[in-house]
Amino acid sequence: MAVNLFLTTALLSITGSTAYILLKLLTAASGGRLSQNWRYRSITAVSLLFVLPLHRLWALIPVPHRALPSIIAISGNSDLVYTPSSSTAAGELPLQVAPTNGGVDWGLVIEQAAVLWLLVAVALILWNVWRLLHYYHLFKQASNEVNGHLQQIAQEAAHLTGVTSEVRLLASPLVQSPMLVGFFRPTIVLPSEHLPDSDAQFILTHELTHFRRGDLWKKFLVNMIQCIHWF
């Protein structure tokens, strides 16, 4: 199972990386004429190529097959033997590789690489999830609830951006700039609760726009992609 996941992940890496390189070349060739909104949506789409096995769609295209003759190929390192059987799907070529003395057992190499990839990926995912929960609880303990006039501005900004959830405001000395930390409920952490109305309106509208677009979820997805495709 680990080998299949590893090979699928490697194929997804090639697909996603190729699309990303093409996107960067297109962006450079456009000379800055592409809008930020177009770039944002394009990066989101390319990110999905690292997790969605779209290459499997080729299997849905009907391709005519013809019967294959028996094949016996002998090389210096291994004997490749093909024997057609009733359980073999049309068009498949099952090869039995028998490594000889002094040859490289590529099956074992791939298995070891798959185990290494899986261990590192799981470790990175657990580390990032723990770090996320750790910072969330840290902010929760070292923050003060902000109410009053600033809360009213936050509700106005929520109405302006189309956010229907109740906005929670926190002030914490741990942050140097405003940040959004809520996946399900918009929670905005401010470095200080003493902000001019004009600055507060701009800051809160900006952070709530991130919440409405689901940017935290997209950032989390990209972070998990980096853990899985760490190589």
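**Helix packing in a predicted model**

The protein has six helices and seven strands, where helices (H or I, at least four residues) and strands (E, at least two) are DSSP runs, numbered from the N terminus. This is a predicted model, in which local features need pLDDT of at least 70, side-chain atom pairs count only at pLDDT 80 or more, and totals for chains, interfaces and linings use all residues. Residues are numbered from 1 along each chain as its sequence is written, and side-chain values use heavy atoms, with hydrogens and water left out.

Me: Why are α3 and α6 called roughly antiparallel?

Reply: The axes of α3 (residues 106-141) and α6 (residues 215-228) cross at roughly 150° and come within 8 Å. Angles run from 0 to 180 degrees between N-to-C directions, along lines fitted to C-alpha atoms over the stretch in contact. Over 145 degrees counts as roughly antiparallel, and α3 and α6 are therefore described in this way.

Me: What makes the contact between α3 and α6?

Reply: Contact means heavy atoms within 4.5 Å. On α3 the residues are Trp117, Ala121, Leu124, Ile125, Asn128 and Leu132, and on α6 they are Phe220, Asn223, Met224, Cys227 and Ile228.

Me: How do the residues of this contact divide into nonpolar, polar and charged?

Reply: Nine are nonpolar, two polar and no residue is charged. Ala, Val, Leu, Ile, Met, Phe, Trp, Tyr, Cys and Pro count as nonpolar, Asp, Glu, Lys and Arg as charged, and the others, Gly among them, as polar.

Me: What percentage of the 231 residues count as buried?

Reply: The share is 26%, with buried meaning under 20% relative accessible area (1.4 Å probe, protein chains only).

Key:
Parallel < 35°, antiparallel > 145°, perpendicular 65-115°, else oblique. Buried < 20%, exposed > 50% of the residue type's maximum accessible area, 1.4 Å probe, protein only.
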